[in-house]
Amino acid sequence: MELIQYIRNRLIEERLMFVFRGEINSSNSISLLSLLEKEMENSEYGLRARKRLFMFVLESLQNISRHGESSSYSDMSIVLYSKTDDGYTITTGNIVKDQVAKSLSSRLEQINKLTTEELKELYKQVLCSSELSSKGGAGLGLFEMANKTGNKLDYDFVPKADDYSYFILSKTVNSEGLGVHSAGHESTFSGESAIHFGRFMDENNIFMIWSGHINSDLGDEMLSITETRLNEEDLEAVIRRRVFSILMEMLENVALHAPGPTAGKEYGMPLAVIRYVDHSYILTTGNLILNSAIDELKTKLSSINRHNNGGLKDMFARSLSHQTVETDSTGNLGLISIARKSGNRLDYRFDPINDVYSYYTLTVQIEGKP
């Protein structure tokens, strides 16, 4: 659980709301984009700003697929979404060959030297030219990113071993749809923070972190991303279904019982962390809970952990028999179902925040076969 507390602290410090580390492909790109879209639906961002941001995300994900040269490094790709005072920031990272890095760096340097009008004119020229490459249209995606967001692009190349570099591309778009460039700040852009976070996720076998409001739409996109990852692993179909089903239950519990975005922003946003360790999935969710509700929940959790599978089956039947159409709560049903499907204890923790709230963390391990 100390790992989860560390993650929460890092997310708060770096203003991160989503991090994904793994292969970027056609199966998960739309869900990665849709997750941001669903999160922004109730924000102050207008349609113009959202469209520009989505375009940048889509082009960034396509760039990873287009310029990623080695399948052995594909799972090192990273996507980070953060919400800062300047706006939403999208950062992506992936391994490229040094030869590709040199070409991209030259193109990005050229783009960032241009004025807005010069960029528009050169964009038209490239668009109309026949200059093509096996990896796409002459850096057209980079031109489009800079042109549509009305500003320069933040980027960094960090040398790696074996003639490869880690390519970091980042963009901040404010609520008016205008790009915010790091040149306007005291220091130039560095991709080290993204790389360090990616390394941390690798060391702890984490492939996805979400920190923000959770509702049914956002939950669906997280489930879709997870489903793609499950299909990539050498897991039996029954294990994949079990992981998917348990995660769905856990996200639904957060959506139903978290106090809401206002309290979350002030005292602690909901959290979802998914790890894959030694052929086992470890799922963690977290959310604020009223202190007045803790004793009852602890009693339920302790009772569930005392029962074996047969006892849980009887417990589930008894809880189900007490449900009516007028019942507001599902009682123990969700937690019992999670324990039964996982075949493991429910690990939980309550961290006091103030006189009203504590932060409730639930972790479940689903074991697969080696």
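The model is predicted, so local features need pLDDT of at least 70 and side-chain atom pairs count only at pLDDT 80 or more, while totals for chains, interfaces and linings use all residues. Residues are numbered from 1 along each chain as its sequence is written, and side-chain values use heavy atoms, with hydrogens and water left out.

Across the whole structure, a search finds 13 aromatic pairs (rings of Phe, Tyr and Trp, the last by its six-membered ring, with centres within 6.5 Å; planes under 30 degrees apart are stacked, over 60 edge-to-face, the rest tilted). The rings of Y6 and F200 stand 5.2 Å apart at their centres with planes at 55 degrees, so this pair is tilted. Because Y6 belongs to helix α1 (residues 2–14) and F200 to helix α7 (residues 192–203), the pair ties together parts 194 residues apart in sequence (helices are DSSP runs of H or I of at least four residues, strands runs of E of at least two, numbered from the N terminus). Y6 is partly exposed at 39% relative accessibility, whereas F200 is buried at 9% (buried is under 20% relative accessible area, exposed over 50%, partly exposed in between, with a 1.4 Å probe and protein chains only).

Y45 and Y88 form an edge-to-face pair, 4.9 Å centre to centre with 75 degrees between the planes. Y45 lies in the loop between α2 (26–40) and α3 (47–67), and Y88 in strand β3 (residues 88–97), 43 residues apart. Y45 is buried at 3% relative accessibility, and Y88 is buried at 2%. Elsewhere, ring pairs join F20, F207, Y276 and Y281 into a cluster.

Charged groups also meet rings. The charged end of R8 sits over the ring of Y359, 3.5 Å from its centre (NZ of Lys or CZ of Arg within 6 Å of the ring centre and within 35 degrees of the ring normal). For R340, the charged end sits over the ring of F316, 5.6 Å from its centre.
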